[in-house]
Amino acid sequence: MQRLGLPGDGQASLTGINIAPGATVRMEVAMETVQTDVAIIGAGGAGLRAAIALAQADPKLRIALVSKVYPMRSHTCAAEGGAAGVIKADDSLEQHFEDTVGGGDWLSDQDAVDYFIREAPRELVQLEHWGCPWSREANGSVAVRPFGGMKKQRTWFAADKSGFHILHTLFQTSLQFASIQRFDEYYATELLVHEGRCAGLTAIEMRSGQMRRFDAPAVIIAGGGAGRMFPFTTNGAIKTGDGMALAYRAGVPLKDMEFVQYHPTGLPSTGTLLTEACRGEGGVLLNRNGRRFLQDYGMGPETPLGQPVLKTMELGPRDRVSQAFWHEQKKGNAVPTQWGDAMLLDMRHLGEKTINERLPLVRDMSISYMGVDPVTDPVPVRPVVHYMMGGIHTDIKAATPLPGLYAAGECACVSINGANRLGSNSLTELLVFGRRAALSAMQYLEAGAHTAGEAALGALAAAAQARLRELMQRSGGTETVAGLRREMMQTMELHAGIYRSGEGLAAACSKLAELRRRCRGIELHDKTNVYNTDLLQALELDSMLECAEALTRSALARKESRGAHQRLDFVERDDQRFLRHSLAHYRGSDAPRVDYLDVVITRSQPGVRDYSGAHE
Amino acid sequence: MGERLVELEVLRYHPETDSEPHFQRYSATCREEWVVLDALNHIKEAIDPTLSYRWSCHMAVCGSCGMMINGEPKLACKAFLRDYRGVIRVEPLRHFPIERDLVTVIDDFIAKLARVKPWLMPKDNKALAAGEYRQTPAELKRFKRYSMCINCMLCYASCPEYGLIPEYIGPAAIALAHRYNQDSRDGGRELRQQETAATEGAWECSFVGACSEVCPEHVDPAGAIQQVKIESTVDWYQEHLMPWLKK
């Protein structure tokens with residue numbers, strides 16, 4: 001295939017704009033195949049960390065990094081607040097363990113949390129050694145800031161663009177390894193599974209529309225979350241659950257999908273995230289009467305303005321803060337805006353200097369997208385879908401039940417986050433388990449690589465191509481991607497939000513089943529090859545619908561309230577029946593089957609989550 | 001804030017069916033507070049699903065949605081409709097070949113990023129177990145602004161030199177090299193200068209300064225480029241006139 005060249009190579013057009021040469025009508029050709037040792041799907045934080053770990057461990061390994069976007073577009077870049085890891089003398093691993101397990105309402109696997117907190121500081125120092133511009137103390141050591149649900153200051157940060165700097169540090173570091181071969185803007189469509197092992201994948205090269213086969217005895221999925229199932233989310237357009245859906249369709253269960261994190265402070269106009277660091281630095285939340293209402297929801301007593309106290313009031317965990325807003329809304333205490341109900345995030349007392357130094361992006365976005373300057377006015381905010389605690393079922397080694405398949409980052413569920421993730425644990429998680437997935441894949445290869453034969457892989461890839469062709473060539477369909485997507489989002493917003501009911505979830509399940517059926521009636525408007533986003537969005541819709549169905553089915557089956565999953569008809573936590581992970585199993589066009597797996601408890605028995613100031 | 005009817009004139013080009021690009025006019029009912037990206041998303045959803053463009057974060061940090069808006073390089077997610085009157089003309093980023101519609105081929109930029117060796121080459125090797133390198137806030141400040149680049153390529157679209165001399169490494173890549181050169185932990189400047197001070201490097205720049213004007217993150221690549229020139233000059237004098245100072 002002809003590669004595209006430098007600017008200026010294109011033919012000049014009447015408008016004086018260059019056209020890419022070689023981009024002409026292509027005939028159907030035999031599928032190109034890439035031979036590799038490890039294929040990684042997703043080039044955000046977890047995927048890049050995995051790729052670097054592989055390249056460093058064995059320079060001879062062939063690594064294919066397959067991503068539907070260029071690495072620096074990945075959504076890791078949007079994380080703001082920071083990454084948690086114990087470093088300061090007054091902190092301890094045990095305290096990080098306790099905060100994480102309690103924050104997760106005891107649904108976290110405690111052996112995994114132990115591994116995570118022990119590895120965390122090393123990974124954050126590693127990023128520092130790769131050049132990450134962490135904010136510093138006057139003596140040159142790395143600075144940490146307070147974060148919700150954390151009893152000590154342990155969140156490393158780079159102003160309020162921590163995820164951005166982590167992603168770019170990893171991307172730039174990865175450029176020195178020749179063995180990492182990138183396939184940017186390739187959309188993975190299917191995993192190739194042969195004789196019970198993962199053997200590779202198929203992907204569409206967006207530029208040509210051609211399908212490629214990747215033969216890989218080990219595959220790591222690092223495809224990110226699925227927040228775009230919901231209409232109001234901090235998540236970028238790319239977060240459509242593709243990685244989760246790939247594993248799910250290949251027979252790997254999705255774990256704890258009912259746990260969806262609402263971040264308490266998104267801009268009502270766009271859903272743009274204002275980091276929890278706003279409150280870590282001392283910002284407070286007010287209702288329409290100017291009351292710091294969190295004190296009325298078990299997170300009091302009120303702390304002095306400008307002197308935030310860890311693990312209480314505005315530094316309570318995200319699930320509790322978002323739930324408190326929901327109650328305030330019901331009581332009529334919310335602040336009305338043209339985009340619906342909100343609360344106020346007041347940072348005025350921090351002063352212009354602190355806001356500029358510590359929260360420059362927050363100030364810029366509040367002004368740009370809301371017309372409110374946090375230096376002079378409180379900013380309206382409301383809870384917004386932010387993060388999936390659930391995802392691809394993996395063990396503590398980042399391995400899925402399918403031999404040869406590993407997963408890390410938001411798409412995976414180890415689980416360290418349990419029923420509610422603490423802010424700043426996920427950036428660290430993608431480093432720790434990105435690397436762990438790489439090491440596990442290496443061990444798997446060292447134990448003897450299983451390569452499926454050309455005939456088997458060729459047949460699997462041909463079937464994948466036939467399925468894609470059927471969608472491309474379908475005619476007479478009356479459904480549209482945008483129409484079905486809108487109905488899905490409305491369903492999720494209505495029935496799978498902060499508070500849920502059995503009735504609503506049952507309605508959502510049947511609606512989603514209907515939407516999945518109607519998906520087969522989509523006719524694409526765009527049947528061409530080059531950068532076909534109509535096709536891409538149809539495939540992404542499939543992924544989202546499958547994740548959404550796993551989510552609502554698991555939520556319907558969990559008849560208790562725990563962490564981010566709150567049922568109006570089952571208001572108590574029920575450890576007797578539900579101190580267990582849910583596992584949703586794919587069953588084709590039928591609804592998923594949900595079963596359960598025990599939580600690993602090593603030393604912390606389920607107790608009361610106390611975020612009152614009395615927890616000292 | 002209410003709604004208003006916005007006219008957009010969007011450049012369309014499909015290599016499989018078009019011999020050359022053309023403009024297509026869309027009328028879209030938009031909310032007053034929307035950005036151009038919101039208008040494009042509305043068109044894609046409700047009017048024309050075949051329109052292709054890149055976007056993701058909608059918060060000016062992923063760098064995907066750079067395009068020409070009324071002739072200026074902008075992030076579509078930060079170009080507010082309220083700042084425009086009349087027909088809004090939307091075109092792909094200048095100086096890059098068009099892949100399709102508003103999607104450009106960015107291979108050249110991606111290759112140039114890698115060429116300047118944008119990774120830390122530690123001056124002193126420190127074991128992980130020994131903890132972090134010390135870096136004072138003042139040392140951090142020396143390079144921080146150059147680390148803010150989101151790779152949106154608006155600076156390349158604004159740069160007349162890049163338009164004339166496609167081999168020029170360009171603003172963002174030089175600023176990125178400068179970012180590592182200025183980092184107190186780094187010792188790799190000499191290696192990077194081989195690229196940035198070469199004929200296709202900083203000396204191509206005629207200091208028009210458009211790159212710094214259009215940069216949505218205030219990276220100031222023009223400033224970085226001038227500093228690379230100064231360093232390269234000092235290097236030359238040291239090498240040729242005061243060779244004993246070297247090493």
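In which sense do strand E14 and strand E16 of chain A pair, and over how many bridges? In this predicted model, strand E14, which covers residues 284–286 of chain A, and strand E16, which covers residues 340–346 of chain A, pair in the antiparallel sense over three bridges. Within this pairing, A:Leu285 stands opposite A:Leu345 of E16(A).

Strand E15 of chain A, residues 335–337, runs antiparallel to E16(A) and is joined to it by three bridges. One of the facing pairs consists of A:Val335 and its bridge partner in E16(A), A:Ala342. Two residues lie between E15(A) and E16(A), and the two strands form a hairpin. E16(A) also pairs with strand E17 of chain A, residues 379–388, in the antiparallel sense over three bridges. Here A:Leu344 stands opposite A:Pro380 of E17(A). As a general point, side chains in a regular strand alternate between the two faces of the sheet.

Another sheet may be examined elsewhere in chain A. It is an open sheet of three strands with antiparallel pairing, in the order E4-E6-E5. Strand E4 (83–84) and strand E5 (144–145) of chain A are the edge strands, since each pairs on one side only. E4(A) is joined by two bridges to strand E6 of chain A, residues 155–156, and these strands run antiparallel. In this pairing, A:Trp156 of E6(A) is the bridge partner of A:Ala83.

In soluble globular proteins, nonpolar side chains tend to be buried together. The largest nonpolar core of this model holds 261 residues, and those that touch the most other members are A:Ile40, A:Ile220, A:Ala408 and B:Ala76. Helix H14 of chain A, residues 533–557, gives the largest share of this core, with 13 residues. Which residues are in contact with A:Ile220, leaving aside its neighbours within four places in sequence? Among them are A:Val38, A:Ile40, A:Ala50, A:Tyr406 and A:Ala408.

Chain B is assigned two domains: domain 1 spans 3–104 and domain 2 spans 107–245. The C-alpha centres of these two domains of chain B lie 31 Å apart. Twelve residues of domain 1 of chain B are in contact with twelve residues of domain 2 of chain B. On the side of domain 1 that touches domain 2, the elements giving two or more residues are strand E3 (66–69) and strand E4 (72–75) of chain B. The residues of that side of domain 1 of chain B divide into seven nonpolar, three polar and two charged.

Notes: Residues are numbered from 1 along each chain as its sequence is written. Chains are lettered from A and ligands numbered from 1 in the order in which they are written. This is a predicted model: local features need pLDDT of at least 70, side-chain atom pairs count only at pLDDT 80 or more; totals for chains, interfaces and linings use all residues. Two strands pair if DSSP finds at least two bridges between them. Helices (H or I, at least four residues) and strands (E, at least two) are DSSP runs, numbered from the N terminus. A nonpolar core is a set of buried Ala, Val, Leu, Ile, Met, Phe, Trp, Tyr and Cys residues joined through C-beta atoms within 7 Å. A residue is buried if 20 or more other C-beta atoms lie within 10 Å of its own, exposed if 12 or fewer, and partly exposed in between; C-beta atoms are placed from the backbone. Two residues are in contact if their C-beta atoms, placed from the backbone, lie within 7 Å. Domain bounds come from an automatic or database domain assignment. Ala, Val, Leu, Ile, Met, Phe, Trp, Tyr, Cys and Pro count as nonpolar, Asp, Glu, Lys and Arg as charged, and the others, Gly among them, as polar.
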